[in-house]
Amino acid sequence: MSTLTLAKAINEGLRAAMEEDPKVLIMGEDVGKLGGVFRVTDGLQKDFGESRVIDTPLAESGIIGTAIGLALRGYRPVCEIQFDGFVFPAADQIITQLAKMPLRSLGKLKLPVVVRIPCGGGIGAVEHHSESPEAYFTHTGGLRVVACSNPADAYHMIRQAIRSDDPVIFFEPKRRYWEKAEVDKNATPLPFDRGQIVRPGTDVTVLAYGPMVKTCLEVAAAAEEEGRSLEVVDLRTLSPLDTDLIYESVRRTGRCVVAHEAPVYSGLGAEIAARVTEACFYSLEAPVLRVGGFSTPYPPSRLEDHYLPDLDRVLDAVDRAFAF
């Protein structure tokens, strides 16, 4: 058992994968000598060499396109997109090639490419550095999309992503990079396509992922003081969704709140709310409510505390769910 930050847990997961399989490569901007802007790949180029930890030009489309070619030659590339807002130049390669080539070849070609994306706000960054683009990729068939929220999941999920023969978009909550927790590297991890109840409850199901999981756990603690029991579910996998877990929880509690940093409008929460309403209609005591960012560009850092969903906004949604 080790106490690790989330960033260090990913680092050690990458290291374990590289030791396990010589075909695993890491590539991205400043991932080598610098160790990444968040130091997630710190020390890996020193230990594995420049041929396996590759500092690339500032060209996200080129990074993903090169990774696709490497995957077709039997490698397992792990690409780092330095910041979430930088992924859009790579969207053509991800959506047009990476997601579609396995089906285009009727399964004959495998593309075991992992695209790591530090996501979300809360670090006081400038424009293009605090985005939540997950809905773009969950909307794209052919991709697995996952989001870790804690060091233990970060360690095990990055290893599972690298072992997967499917392309994986791996979201990392950058404002949680420095938070510590115990990690049992020898534990048997949950299946890659499963969510997890991180706090059992009886009155409301609160669905979250990535950086919002910690916030929702704080909401549950605050609600307990008011006599309300919230069940917090860490989705972990965004595409495919673990709908069995979601539906089972909502049918027990009768109420559901979905929280994410991304804008509410057309966010992943809309899809989840629609599915829960269809599958659990006769169990619901209130409409499924969504909490998220506003439908504006991400604001300057001085305003991001007003933009990001916080304890009060999620707790307000819980109160509204009880008002019906």
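## Basis of the model

The structure is predicted: local features need pLDDT of at least 70, side-chain atom pairs count only at pLDDT 80 or more, and totals for chains, interfaces and linings use all residues. Residues are numbered from 1 along each chain as its sequence is written, and side-chain values use heavy atoms, with hydrogens and water left out.

## Helix 1

Helices (H or I, at least four residues) and strands (E, at least two) are DSSP runs, numbered from the N terminus. Helix 1 takes in residues 6-20. The expected span of a helix is 1.5 Å times one less than its number of residues. For the 15 residues of helix 1 that gives 21 Å, and the end C-alpha atoms are 21 Å apart, so the two agree.

Helix 1 is mostly covered, with eleven of its 15 residues buried. Buried means under 20% relative accessible area, exposed over 50%, and partly exposed in between (1.4 Å probe, protein chains only). The buried residues of helix 1 are Leu6, Ala7, Ala9, Ile10, Asn11, Glu12, Gly13, Leu14, Ala16, Ala17 and Met18.

Strand 4 spans residues 76-80. Five of its five residues are buried, so strand 4 is largely enclosed by the rest of the structure. In a regular strand the side chains alternate between the two faces of the sheet. Here Arg76, Val78 and Glu80 point one way, while Pro77 and Cys79 point the other way. All of them are buried.

Two strands pair if DSSP finds at least two bridges between them. Strand 2 (residues 24-28) runs parallel to strand 4, and five bridges join them. Leucine 25 has proline 77 of strand 4 as its bridge partner. Strand 4 also pairs with strand 5 (residues 114-119), in the parallel sense, over three bridges. There, cysteine 79 stands opposite valine 115 of strand 5.

## The cavity

On a 1 Å grid over the protein atoms alone, a cavity is a set of points where a 1.4 Å probe fits but cannot get out, and a pocket is an open set with protein on both sides within 12 Å along at least five of seven lines; lining residues have an atom within 4 Å of a point. Grid points are joined across faces, edges and corners, and a volume is the space filled by probe spheres set on the points. The whole structure holds one cavity of 30 Å³ or more. The largest cavity has about 70 Å³ of space.

Its lining includes Cys119, Ser132, Phe171, Tyr209, His260 and Glu261. Strand 13 (residues 256-263) gives the most to this lining, with three residues. By class, the lining has six nonpolar, four polar and two charged residues. Ala, Val, Leu, Ile, Met, Phe, Trp, Tyr, Cys and Pro count as nonpolar, Asp, Glu, Lys and Arg as charged, and the others, Gly among them, as polar. Domain 1 (2-183) and domain 2 (196-322) each supply at least three residues to the lining of the largest cavity. Domain bounds come from an automatic or database domain assignment.

## The two largest pockets

The largest pocket has a volume of about 330 Å³. Of its 20 lining residues, Ser132, Pro133, Tyr136, Ala262 and Pro263 are the closest to its centre. Helix 6 (134-138) and strand 13 each supply at least two residues of this lining. Eleven lining residues are nonpolar, six polar and three charged. Domain 1 and domain 2 each give at least three.

The second largest pocket has a volume of about 240 Å³. Among its lining residues are His139, Leu238, Ser239, Pro240, Glu271 and Arg275. Helix 10 (268-280) gives the most to this lining, with three residues. Five residues of the lining are nonpolar, five polar and two charged. Both domains give residues to the lining, so the second largest pocket lies between them.

Most residues other than glycine have a negative phi, and most peptide bonds are trans. The peptide bond from serine 239 to proline 240 is cis, with omega near 5°. Proline 240 sits in the loop between strand 12 and helix 9 (243-253).

Arginine 39 has a positive phi of about 65°. Its place is the loop between strand 2 and helix 2 (44-48). Arginine 39 counts as partly exposed, at 42% relative accessibility. Leucine 106 also has a positive phi, near 55°. Leucine 106 lies in the loop between helix 5 (101-104) and strand 5. With a relative accessible area of 72%, leucine 106 is exposed.
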